[in-house]
Amino acid sequence: MISELSPQIHYLVGMSQPETHLFEVTLHIVNYPSAVLDLKMPVWTPGSYLVREYERHLQDFAAFADHKPLSWHKVSKNHWQVEKGDSSEVTIHYRVFANELTVRTNHLDATHGYFNGAALFFRIPGCESLPIYIRVIPANPQWQITTGLPIFAETKNTFVAADFDTLVDCPFEIGFHQLYNFEVLGKPHELAVWGKGNFQPQQMIADCQKIIEVESQMFGGLPYDRYVFLLHLLQQGFGGLEHKNSCSLIYQRFGFQNLDKYEPFLQLVAHEFFHLWNVKRIRPLGLEVFDYDQENYTPSLWFCEGTTSYYDLIIPLRAGIYNTKAYLNYLSKEITKYLMTPGRKVQPLAESSFDAWIKLYRPDANSGNSQISYYIKGEMVSLLLDLLIRVHHGNQRSLDDVMRQMWEEFGKDEVGYTPEQLEGVIESVAGMDLRDFFQRYLHGLDDLPFNQYLQPFGLQLVEEKNEEPYLGVRINTENGREIIKFVEAGSPAQFAGIDAGDELLAIDSIRVGNQLNERLKDYRADDSIQVTVFHQDELRTYSVTLAASIPGKYQLKVVENPSFTQMENFAGWLGVSLSESGCPGFQD
């Protein structure tokens, strides 16, 4: 219970000189009971599993009581202690540098201000459950403020968070952004768009409404009273971060006219919105209570993110945004991405989840050889589980039922689940013992048997080999230079001694330019070529023996002469017949 003597926490966020990228923050605390005030800046934000050290952007810290300075010192990188004595009111001033525009950081300039709670506000140990009031003073009086937090009616530009977790979960957009209001299933929604681009708001809103309705139907209703989409448009960019009643999105400003670019944006929307249930409310025990001071480990991110990735492709199909042919093409690309990652043979899926903090968000030249994303492999395992459940129950059960059961057992009351409980729910829906499946594909390194699971649905995965022999490097053009970004483990290039970071110059004494694949087509497997590079500014030439061509992509196709049962299974899964799917290989 909150009494009149409970601590009261008020924040004032200013931005008087936005060109400096400095948010000016004032924290006012009344009735704090102890003589020493502890303040801790979170080092990460939920949904983005990397210690980002937000405290490194904090400067100009000062503490006062009755307008007199108070003594303070730092205990650790993110922990401040203020000697307040018997003062009943304490005021803290500090500034935060904000010049990194991502969905998980802060950004302030002459056009807008955007911030995430974890990257701007202190956590006061022992006061996490108390309400927090936030007043914002925009740089320009004409700027508007959009956030998922409710307005505190008594004061202009003031909002209230029920507790610290809620404060962290509600980012703010302040500026001249375009704001669109719409309704879905009787509930208000807002779309705030900062930046210029070729988006068509009415089309975007109509498609978002379809996605919302499909996902709501799956879970039996919307778990919020109001929802906010915050969209930042940049020249290049892609990303999203989920919240309980909002999400932050970043997308390329001219990515909305061409369907090949617009449809992935809607997949991003479907992904972040699906997190309303899966992650924000259905979450692993390791993330049930957030520890903002350090890593929060769980082996279940494959389900949090990978299963969500499986649904972000299929939700737009169910919503009628694209057809089955488009869906199968997108799925083929995802399977290709998985099978073209050598690290899938090195890192188990559960380990990928557990080690997210040190690996996924910190890629290096060897990452592709040593790890697999829990997003992509989790998506593939979710695909197999959906197909397995469907074929075992004649499409009367599916992965949808797993999601619904997880919602009923863990999501509605926000009770964290253990890995064993998650596997138990999947087994109960499947109606079969899946210990071997989990051991092989979740905890082990067995290849995923795609065709075994696709065959009952009339599909097969067909590899399409590259025309050129295999060298084993991937290259980016940087300032007119061809830089080797990745050397595949066990490849001819690696055995010859070529390194990531080398600048590719010539093959057999003739400059390569950006024509590597075309040049390699002039050779055959077992040919020996001379590859010249700059290695740390030193000119080197390596003798490389090329290997046989490897698959360059994988494509889902219809099996030859699909049976009636296969066609029934396919229709039950994707809602149309094989003949209407547009999938390659079907013959009347």
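Biologist: Where does asparagine 245 lie?
Modeller: This is a predicted model. Strand 18 covers residues 238-242 and strand 19 covers residues 246-252. Asparagine 245 is found in the loop between strand 18 and strand 19.

Biologist: How many bridges join strand 18 to strand 19?
Modeller: A hairpin of 3 residues links strand 18 to strand 19. Within the pairing, glycine 240 stands opposite leucine 249 in strand 19. The two strands run antiparallel, and the number of bridges joining them is 5.

Biologist: Is asparagine 245 buried or exposed?
Modeller: The cut-off for a buried residue is under 20% relative accessible area. Asparagine 245 has a relative accessible area of 16%, so this residue is buried.

Biologist: Which backbone oxygen does the side chain of asparagine 245 reach?
Modeller: Leaving aside residues up to four places away in sequence, asparagine 245 touches Gly148, Cys170, Tyr224, Arg226, Tyr227, Val228 and Leu276. With glycine 148 there is a side-chain approach at 2.9 Å. The backbone oxygen reached by asparagine 245 is that of glycine 148.

Biologist: How far apart in space are asparagine 245 and glutamine 294?
Modeller: In sequence, asparagine 245 and glutamine 294 are 49 residues apart. From C-alpha to C-alpha, their separation in space is 25 Å.

Biologist: At what distance does the side chain of asparagine 78 reach the backbone oxygen of methionine 41?
Modeller: Asparagine 78 is placed in the loop between strand 6 (71-76) and strand 7 (79-83), and at 5% relative accessibility asparagine 78 counts as buried. Its contacts, not counting residues up to four places away in sequence, are Leu39, Lys40, Met41, Val43, Glu55 and Asp293. The side chain of asparagine 78 reaches the backbone oxygen of methionine 41 at 2.8 Å.

Biologist: Which residues of strand 10 point the other way from His112 and Tyr114?
Modeller: In a regular strand, side chains alternate between the two faces of the sheet. Strand 10 spans residues 112-115, and all of these are buried. His112 and Tyr114 point one way, and those pointing the other way are Gly113 and Phe115.

Biologist: Which residue in strand 10 stands opposite histidine 107?
Modeller: Strand 9 (residues 107-109) and strand 10 run antiparallel and are joined by 3 bridges. They form a hairpin with 2 residues between them. The residue opposite histidine 107 is tyrosine 114.

Biologist: How many disulfides does the structure hold?
Modeller: For cysteine 304, the closest cysteine sulfur is again in cysteine 247, 17 Å away and too far for a bond. Cysteine 304 counts as buried at 0% relative accessibility, and cysteine 208 also counts as buried, at 4%. The number of disulfides in the structure is 0.

Biologist: What is the phi value of asparagine 479?
Modeller: Asparagine 479 lies in the loop between strand 21 (473-478) and strand 22 (481-487). At 82% relative accessibility, asparagine 479 counts as exposed. Its phi is positive in a residue other than glycine, with a value near 55°.

Biologist: What is the phi value of aspartate 537?
Modeller: The loop between strand 25 (528-535) and strand 26 (538-545) holds aspartate 537. This residue counts as exposed, at 73% relative accessibility. Here too phi is positive in a residue other than glycine, and for aspartate 537 the value is near 70°.

Biologist: What is the radius of gyration of the chain?
Modeller: The secondary structure comes to 15 helices and 27 strands. For 588 residues the globule rule gives 25 Å, and the chain's value is close to this, so the chain is as compact as a globular protein of that length. The radius of gyration is 27 Å.

How values were computed: Residues are numbered from 1 along each chain as its sequence is written. This is a predicted model: local features need pLDDT of at least 70, side-chain atom pairs count only at pLDDT 80 or more; totals for chains, interfaces and linings use all residues. Side-chain values use heavy atoms; hydrogens and water are left out. Buried means under 20% relative accessible area, exposed over 50%, partly exposed in between (1.4 Å probe, protein chains only). Helices (H or I, at least four residues) and strands (E, at least two) are DSSP runs, numbered from the N terminus. Two strands pair if DSSP finds at least two bridges between them. A disulfide is a pair of cysteine sulfur atoms within 2.5 Å. Contact means heavy atoms within 4.5 Å. A polar contact is a pair of N or O atoms within 3.5 Å; within protein, one must be able to donate a hydrogen and the other to accept it, and residues adjacent in sequence count only if both atoms are side-chain atoms. The radius of gyration is taken over C-alpha atoms; the globule rule is 2.2 Å times the number of residues to the power 0.38.
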